[in-house]
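Let's take a walk through this structure together. Have the sequence and the 3D view at hand as we go.

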Amino acid sequence: MTGLNTVLILVGLFLAGGVYSFSKQGMPKGVIVLLGIGSVMCLVAGVMRIQGLWD
């Protein structure tokens, strides 16, 4: 596991926490959707790099 994998996964988890927090605060749905998409993209990219599917 390289540094970039770790960073991608940590950023994805951080954004997922932001989605949860913003949804509890009643923030606009557009912000929540954008954070959710960013979170999923970071997590998927990190996992794909770990699996060696994307170099």
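**From the loop into the helices**

Pro28 sits in the loop that lies between helix 1 and helix 2; helices here are DSSP runs of H or I with at least four residues, numbered from the N terminus. This is a predicted model, in which local features need pLDDT of at least 70 and side-chain atom pairs count only at pLDDT 80 or more, while totals for chains, interfaces and linings use all residues. Residues are numbered from 1 along each chain as its sequence is written, and side-chain values use heavy atoms, leaving out hydrogens and water.

With a relative accessibility of 49%, Pro28 counts as partly exposed, a class between buried (under 20% relative accessible area) and exposed (over 50%), using a 1.4 Å probe and protein chains only. Pro28 and Val47 are 19 residues apart in sequence, and their C-alpha atoms lie 29 Å apart in space.

Now follow helix 2, which covers residues 29-51.

Which residues of helix 2 are buried? They are Ile32, Leu35, Gly38, Ser39, Cys42, Ala45 and Gly46. Their cover includes helix 1 (3-25), where contact means heavy atoms within 4.5 Å.

Val7 belongs to helix 1 and is partly exposed, at 46% relative accessible area.

Methods: Helix = DSSP H or I, 4+ residues; strand = E, 2+ residues; numbered from the N terminus. Expected span 1.5 Å × (residues − 1).
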